[in-house]
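This report covers backbone geometry, strand pairing and aromatic contacts. The structure is shown first.

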Amino acid sequence: MLVAQLLVSLVVLCSNLCQSLDLDPEDRASMLLFRSGVQDPSLSLSSWVGSSCANWTGITCQNQTGRVVSINLTNMNLSGQIHPSLCKLPFLQDLVLSQNNFSCPIPVCLGTLSFLRTLHLGQNRFQGVVPDTFMRLGQLRELVLNGNYDLGGVIPWWIGNFSAQLEKLDMGFNSFHGEIPESLLYSKTLKYLDLGNNDLSGSRSDFHQSLVFLNLGSNQFTGTLPCYSTCQQSLRVLNLANNSVVGGIPTCIASLQALQHLNLSFNHLTYEMSPRLVFSEKLLLLDLSNNDLSGPLPSKVAETTDKSGLVLLDLSHNRFSGEIPLKITELKSLQALFLSHNLLVGEIPARIGNLTYLQVIDLSYNSLSGSIPLNIVGCFQLLALILNNNNLSGEIQPELDALDSLKILDISNNNISGEIPLTLAGCKSLEIVDFSSNNLSGTLSDAITKWPSLRYLSLAHNQFTGNLPSWLFTFEVIRMMDFSGNKFSGFIPEGNFNMSISYNNREVDRMQRDPFVSMQSADTKVLIVVTGSIELSFNYILSSMVGIDFSNNGLDGEVPVGLFGLHGLEYMNLSHNYLRGGVPDLEKMWSLKALDLSHNSLSGPIPGDIPSLPDLTLLDLSYNSFSGFVSKKQGYKKFPGAFAGNPNLCLETSDGGCDPASLPVVPGKAFVGEEEVEGRISVWIFCVSAFLSFYFGGLALFCSPRARGYILHTKA
């Protein structure tokens, strides 16, 4: 017992001595000079006072001498210049300045720090080129320069042989161009190489060392895919996405026994996939999307075990044909399946419900037929079911209410019939629902009221009938409601139009005010971070036009005044109905970009505050019964044809006269500056960009800048 107490006393004494260790005077002076040239708005370096090394934030000293051996100032919001005094720390081993805002060339004098083992300058705003003095850093193990967009030039020829101990080289997300130096292909100690997101080119060469991580994505590499045979037992991550790699996928790639993540998306790969191309059970992610691969889907992609197997499979945006093979339903670990934009036929395999870990299914834009298999409810963790643009038929099964975690349900552009079952009230997590362009009928189901998180709802182009229900405007976070092209009748219900955060411009993350005409295409982007862990948390950000579309129905009566007081509304289309009454002032609709009230029986004067709506790009009030005099001050010349078909309406001419609006220009064409913009506002407004995020914690993937089905993001 006495011995134990003595040992504890010695440890405490040693700790106190270490904490009271004074900085070497020369090193202290150098550090203070460095601080004098740095802008530190967060006062991160305010503790750099006195002489005790333990009190200096980010500084580590040698126990006996007090010499500075490590500086770690990561993410401290520092900016400005790096004083040359930082190079006068002769015993410095680790220098980490990542995630700040330094905006200067990399100091040449850093090459004099001969004991340096780690140099991290990533995610700043360093400029220029990599100094040749770095050739002297013979002890360096890690060189991280990523995320300095003004750092570029040709990668130095010596980069692969200046240090016999270099293990990690990260030069991604910069502006390097030219070819990969041959020295990098033979750097024997190198394990981690990231050159992604630059402007590098040349034919893709093989590497001759045991790499563990290789990211060459988002460059301009050409040629065919090498076998990477030297990395056969070591390579875990291989990213060649977003290049110009051609040819087929060689079967030797499947010999990479340690491979966990393979991303070959956005290339020019062709031909069929060989049945001998079967990866090991260690592969977690396979992304071959956005190529020109053809033939049948491979019946077996990877080996599986009870404890491991593919987590994400993306074969979308190719030319695969034939049916979905049953073997896919044996990938028991699968959590995300993307087969969209191919030429697939046949039915969705009934056994897809065996994939109980599935979180996302995207089979859109194929020619699949039959009904949605009832067994799909076995995917009880499903968050997104995307089946649009196929030839699916049958009815929406009441049993789908078992998918109570579902957030996105898109079955648009199919041949699905029947009514919306009341049991769908059980899908209480739904946020994006698109049933448009089917043969659905009946009245609006009260099941919809049980979706409190609803943000996007489209029932357009179906056969729905009856009155619009009184609960229509009770959704607090709704952004878009599209009921166009149905057979609804009766009045637009009065309601509490203040319920919706988006309609009233109260949301925190308002989307940027892009021109309306740039938002014509619908695009769903999915962000996925995949790691070795089985834990997953789901998040997404919806960015869509904030709007209401009740066009092409049989609605009558007056438009509720409250609709014209929605500050956040960007798009409203009530055209082709039997609406009557007047239109009040639009001054409160300051976010409005598009308004179509054409082909109704609206009357009274034209609102006089059109010029006060700065974002209004499309306006169509044609073919109504508006009357009165429209002054040039009302800005109507920006919308030629917008008032056509109103025989009692006169437009002010250049001489102050009156020009009847009964003889139309083609309505719906607007001129903005010198550009002509198609102005017929219709269902194409469907504009949803959703980001689905899947976090598995640990080693993550890589990122493509192009718009795509989903984006792989790396945090290595």
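Tyr271 is exposed, at a relative accessible area of 55% (buried means under 20% relative accessible area, exposed over 50%, partly exposed in between, with a 1.4 Å probe and protein chains only). Tyr271 is not a glycine, yet its phi is positive, about 75 degrees. The residue is found in the loop between β20 (268–269) and β21 (285–287). Helices (H or I, at least four residues) and strands (E, at least two) are DSSP runs, numbered from the N terminus.

Asn290 also has a positive phi, near 55 degrees. Asn290 lies in the loop between β21 and β22 (294–296) and is buried, with a relative accessible area of 17%. Most residues other than glycine have a negative phi.

## Basis of the model

This is a predicted model, in which local features need pLDDT of at least 70 and side-chain atom pairs count only at pLDDT 80 or more, while totals for chains, interfaces and linings use all residues. Residues are numbered from 1 along each chain as its sequence is written, and side-chain values use heavy atoms, with hydrogens and water left out.

## Strand pairing

Two strands pair if DSSP finds at least two bridges between them. Strand β10 (residues 150–154) pairs with strand β12 (residues 175–178) in the parallel sense over 3 bridges, and Gly153 stands opposite Phe176 in β12. β12 also pairs in the parallel sense with strand β14 (residues 199–203), over 2 bridges; here Gly178 stands opposite Leu200 in β14.

An open sheet of 3 strands has the order β1-β4-β6 and mixed pairing. Its edge strands, β1 (38–39) and β6 (101–102), each pair on one side only. Strand β4 (residues 79–80) and β6 are parallel over 2 bridges, with Gly80 opposite Phe102 in β6.

## Aromatic contacts

Rings of Phe, Tyr and Trp (its six-membered ring) pair if their centres lie within 6.5 Å; planes under 30 degrees apart count as stacked, over 60 as edge-to-face and the rest as tilted. The count by this rule is 11 aromatic pairs. One of them is the stacked pair of Tyr192 and Phe213, at 4.3 Å centre to centre and 5 degrees between the planes. Tyr192 is in strand β13 (residues 192–194) and Phe213 in strand β15 (residues 213–215), 21 residues apart. Tyr192 is buried at 13% relative accessible area, and Phe213 is buried at 3%.

The charged end of Lys168 sits over the ring of Tyr192, 4.7 Å from its centre (the criterion is NZ of Lys or CZ of Arg within 6 Å of the ring centre and within 35 degrees of the ring normal). Elsewhere, Phe464, Phe473, Phe483, Phe488 and Phe550 form one aromatic cluster. Both Phe473 and Phe550 are buried.
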